[in-house]
Amino acid sequence: MTTNSSRLSDDLLRRALTELAAGADGDMLLTDVMRTVDARPQVARRPWDTRGWGRTVVLVAAATLLVAATIGATVVLTRPQPTPQPTRTPLPLSTEVIRVPDFVVPFTYRLPVGMGGQLEPFGSEEKVFTIDGHTVGSSGTLELFPVSGMAHACGASSDHSLRPSIISGVPTALLDGLRSAGAGIGPATTATLGNLPAVAADVDPSLGRCPRVTLHIGGLGLSYAKYEPALDVPGRMVLAQPGRTIGVWISAPTAKALANWLPIAQTLIDGLSFDSGP
Amino acid sequence: MQLTATAAHPEQGDAAVVTRAASGDRNAFAALIATRTDRALRTARAILGNDAEAHDAAQEALVAAWVNLPRLRDPSRFDAWLNRLLVNECREVLRRRKRSREIQAEADSVMGDFSRGSVETASVRAAFARITVDERTILLLHHLHGLPLEQVARHLDVPVGTAKSRLWHARRSLERALEAEA
């Protein structure tokens, strides 16, 4: 569309629109949007939602399901009884000591025997360290992070939910604060985090009134991609105070997966040793 | 955890990033919108003629995109979908503004400011404020953002021929408004 009229040329129109649109600051908008996104869960896609599949794909999927169900029923009816799987037992710690000097509190750790990988750092300032259990057949994860004393919860209004609420940096009070924020936090119990005394609590999001409370971790230098442990799956929170409060969030997608992962994660926790500890 | 910039032509080849963002990947969403915030904000600013309202409308649209992304039918239509969200937010702002005007006749501070700019373009800007939001949108896509007709059509989720026709009508409406201004 490059038509010109005597009064309205393309150039004049373009200049007018440019002036109308002037002054917009896209960087500030991006910052505001991502800050809001941190506190806003997405809607779930409906399990039966086949939009975008196309009619042929839907028909093929339905036929495949029918065939799979028929084959599955045949196999179940004819196969021998399965051998019960042994319950996972705690693994011993390896002898290799790995040092991490760039956490807010420097520490060493040892991995359970047979577990691969290492604690992966995220962030350029105060780091979060994570590891998952895929090398030992688990879907669980462990996250070690400095505690900021703030959390994102389900706000009473959309405006209030944008910013994190200040809870507390003190372990027991932090658990109380998370509970008040709507997280499904169980009773606090005494525990250990490597060589440190700690408090711990089991987390069951189905027992809370806010299905997704996330711990706000500031100062990580992660730009818009803030790392925020989310208490929206079953897990266990362990908090200690080696000078500054730190936390470990052990979690898994389901309660069954967590039961499988907890003994391994606990072994990993037992292998932690913080410099400023006793 | 670095934000990766999308390709030079952000409208193309983003389906995989949209899919990742739809599954809850905030990094993917940040990368997806990083190249679109400026355009969204400029569009809203030009439609509404008000900086603060434009910022709010664009923010609401982008957050709504994040929240509802899992239910987007077709990832390749993300831009059309986002454009629709943005234009709807702008319409909502204009509706609120109209109600506000009815309640408080002197609420000039929240009205659009289409007077900002050079004398030479003043009549065009005033005429632009008189045409419909849909007409403003298509003129902005083509004449401000410089999108060719094929991309305009994709942003509006209509055939190219329809986009061409709507663009012609929008241009005619603007010219008529310009004549009325004179």
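**Notebook: salt bridges, cores and a sheet**

I looked up A:Asp176 and found that this residue counts as partly exposed, at 36% relative accessibility. In these notes buried means under 20% relative accessible area, exposed means over 50%, and partly exposed lies in between, with a 1.4 Å probe and protein chains only. The model is predicted, so I note that local features need pLDDT of at least 70 and side-chain atom pairs count only at pLDDT 80 or more, while totals for chains, interfaces and linings use all residues. Residues are numbered from 1 along each chain as its sequence is written, chains are lettered from A and ligands numbered from 1 in the order in which they are written, and side-chain values use heavy atoms, with hydrogens and water left out.

**Salt bridges**

I asked which residue forms a salt bridge with A:Asp176. The partner is A:Arg179, and the closest N and O atoms are 2.8 Å apart. A salt bridge here is a side-chain nitrogen of Lys or Arg within 4 Å of a carboxyl oxygen of Asp or Glu. Both residues lie in helix H5 (residues 171-180) of chain A, three residues apart, about one turn of the helix. Helices are DSSP runs of H or I with at least four residues, strands are runs of E with at least two, and both are numbered from the N terminus. A:Arg179 is also partly exposed, at 30% relative accessibility.

I then turned to chain B, where B:Arg91 forms a salt bridge with B:Asp134 and the closest N and O atoms are 2.3 Å apart. This pair links distant parts of the chain, 43 residues apart: B:Arg91 is in helix H5 (residues 78-103) and B:Asp134 in helix H7 (residues 133-144), both of chain B. B:Arg91 is partly exposed at 25%, and B:Asp134 is partly exposed at 49%.

In helix H5 of chain B I also found B:Arg95 and B:Glu92, three residues apart, about one turn of the helix. Their salt bridge brings the closest N and O atoms to 3.1 Å. B:Arg95 is partly exposed, with a relative accessible area of 44%, and B:Glu92 is partly exposed at 25%.

I recorded a network of salt bridges that links A:Asp10, B:Arg171, B:Arg172 and B:Glu175. The search of the whole structure gave 21 salt bridges over all chains.

**Chain B as a whole**

I counted nine helices and zero strands in chain B. Buried residues make up 51% of its 182 residues. The chain exposes about 8,500 Å², of which carbon and sulfur atoms supply 50%; the area comes from the Shrake-Rupley method with a 1.4 Å probe, and for residues only the protein chains shown count as cover.

**Nonpolar cores**

I looked up the largest nonpolar core and found 67 residues, with A:Val33, B:Phe29 and B:Leu174 among those with the most contacts inside it. Such a core is a set of buried Ala, Val, Leu, Ile, Met, Phe, Trp, Tyr and Cys residues joined through side-chain atoms within 4.5 Å. Apart from this core lies another, of 33 residues, including A:Ile98 and A:Leu144.

**Sheet in chain A**

I found three strands of chain A forming an open sheet in the order E1-E2-E13, with antiparallel pairing. Two strands pair if DSSP finds at least two bridges between them. Strands E1 (98-100) and E13 (273-274) of chain A are the edges, each pairing on one side only.
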